[in-house]
Amino acid sequence: MRPSLVFYDNGSYTYNGESLGLMKDAGAYVVEPQHGWIGPSHAAYNFGRVFEDPSLRRALPDELLTFGEYWSESIRHPGRVTAIGKPHLERQAASAETTRPKQILVVSSRTDPARTDAFVVDLHHAVGADWAIAFRPHPGERAESARRYPRLSSTPGITIDTEPDVYESLKRTAVVIGEASTVLFEARAFGCEVIPRESAFAETVIGDAFGPRVTEVEETATRLQTLVGGQEMAAVSDPRIWAPDAVGTYTRWLVERHHERVVE
């Protein structure tokens, strides 16, 4: 095909390095679109000066397209880094209802399933019938969620969220609870209240982006007492996290890159 431009998901993961190198050797400009959480503790997106060496630089994308400046500024990448946005999130958040039922969505990060299993069940008992609770397994564990989370899977009143598009779930959710998932950042764009859970890696992934992290169910229940069901929940996106006008920005970016390639 001899493409001029190649989009390569997970391109910064160095196990893809030789594939990228071959594409670049053939004259392609390789671009990676952001697929999820990236930050200062993510080994695939933080490189030292040694990666300026041509033999190593060959194995990384020429450019990384991020969801917003927040993500761009949190990494050290030798390629160009450009904030584009996330069009699907932008469209879905714009269509979200402002009034939400008293529903809690607990999102999994796959770590310590026994602890999460107990947390969700204990939270269900603590809030009683006041709140509906749904648990969303990580996509990588969905097929075995009943085995990994036996208590919550068999507890009446707790549902397993299997909606293919998490944004559809966020549209009908008032509160999102999680440890270190990209969904926490996405939830804010939908106007959801976010309650972060403490974990061994939460500090290096989400830090204090969502306020103090809870460790016990009692702390979580106390936070929930301050929220009123049926309240107006405006879907207001932080433009630094989710760059606006993603389609327009991408269109302009594509024209610029095409012009650069023609000039070369």
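Which residue in β8 stands opposite Leu105?

Mentor: Gladly! The residue opposite Leu105 is Val176 in β8. Before we build on that, a word on the model: it is predicted, so local features need pLDDT of at least 70 and side-chain atom pairs count only at pLDDT 80 or more, while totals for chains, interfaces and linings use all residues. Residues are numbered from 1 along each chain as its sequence is written, and side-chain values use heavy atoms, leaving out hydrogens and water.

Now to the strands around your spot. β5 (residues 103–107) and β8 (residues 175–178) run parallel and are joined by 3 bridges. Strands here are DSSP runs of E with at least two residues, helices are runs of H or I with at least four, and the numbering starts at the N terminus; two strands pair if DSSP finds at least two bridges between them. Val176 also has a bridge partner in β9, namely Val194. β8 and β9 run parallel, with 4 bridges between them.

β8 is covered on both faces: Val175 and Ile177 are buried on one side, and Val176 and Gly178 are buried on the other. Buried means under 20% relative accessible area, exposed over 50%, and partly exposed in between, using a 1.4 Å probe and the protein chains only.

Helix α9 (residues 182–189) lies across β5, β8 and β9 and runs at about 165° to β8. Helix α11 (residues 217–225) packs on the sheet as well, touching β5, β8 and β9, and its direction makes about 165° with that of β9. Contact means heavy atoms within 4.5 Å; angles run from 0 to 180 degrees between N-to-C directions, with axes fitted to C-alpha atoms and, for helices, over the stretch in contact.

Stepping back, these strands sit in an open sheet of 5 strands, ordered β7-β6-β5-β8-β9 with parallel pairing. Its edges are β7 (158–160) and β9 (193–196); each has a single partner strand, so one side of each is left without a neighbour in the sheet. From one strand to the next, the twist averages 25°.

Most residues other than glycine have a negative phi. Asp112, though not a glycine, has a positive phi of about 50°. Its relative accessible area is 43%, so Asp112 counts as partly exposed. Asp245, in the loop between α11 and α12, also deserves a look: its phi is positive, near 55°, and it is a residue other than glycine. With a relative accessible area of 39%, Asp245 is partly exposed.

From there, helix α12 (residues 246–263) takes us to another sheet: α12 lies across β1, β2, β3 and β4, running at about 150° to β4. Those 4 strands form an open sheet in the order β1-β2-β3-β4, with parallel pairing. β1 (5–7) and β4 (80–83) stand at its edges with a single partner strand each, so one side of each has no neighbour in the sheet. The twist there averages 25° from one strand to the next. Within it, β2 (residues 29–33) and β3 (residues 63–66) pair in the parallel sense over 3 bridges, and Val31 has Glu63 in β3 as its bridge partner.

Asp62 lies in the loop between α2 (54–57) and β3. Asp62 is buried, with a relative accessible area of 17%. Leaving aside residues up to four places away in sequence, Asp62 touches Lys24, Ala28, Tyr29, Val30, Arg57, Gly79 and Arg80.

Finally, the whole chain. Its secondary structure comes to 12 helices and 9 strands, and its C-alpha trace spans about 65 × 35 × 30 Å along the principal axes. Of its 264 residues, 50% count as buried. Among contacts with a separation of 6 or more, 68% come from residues 24 or more positions apart.
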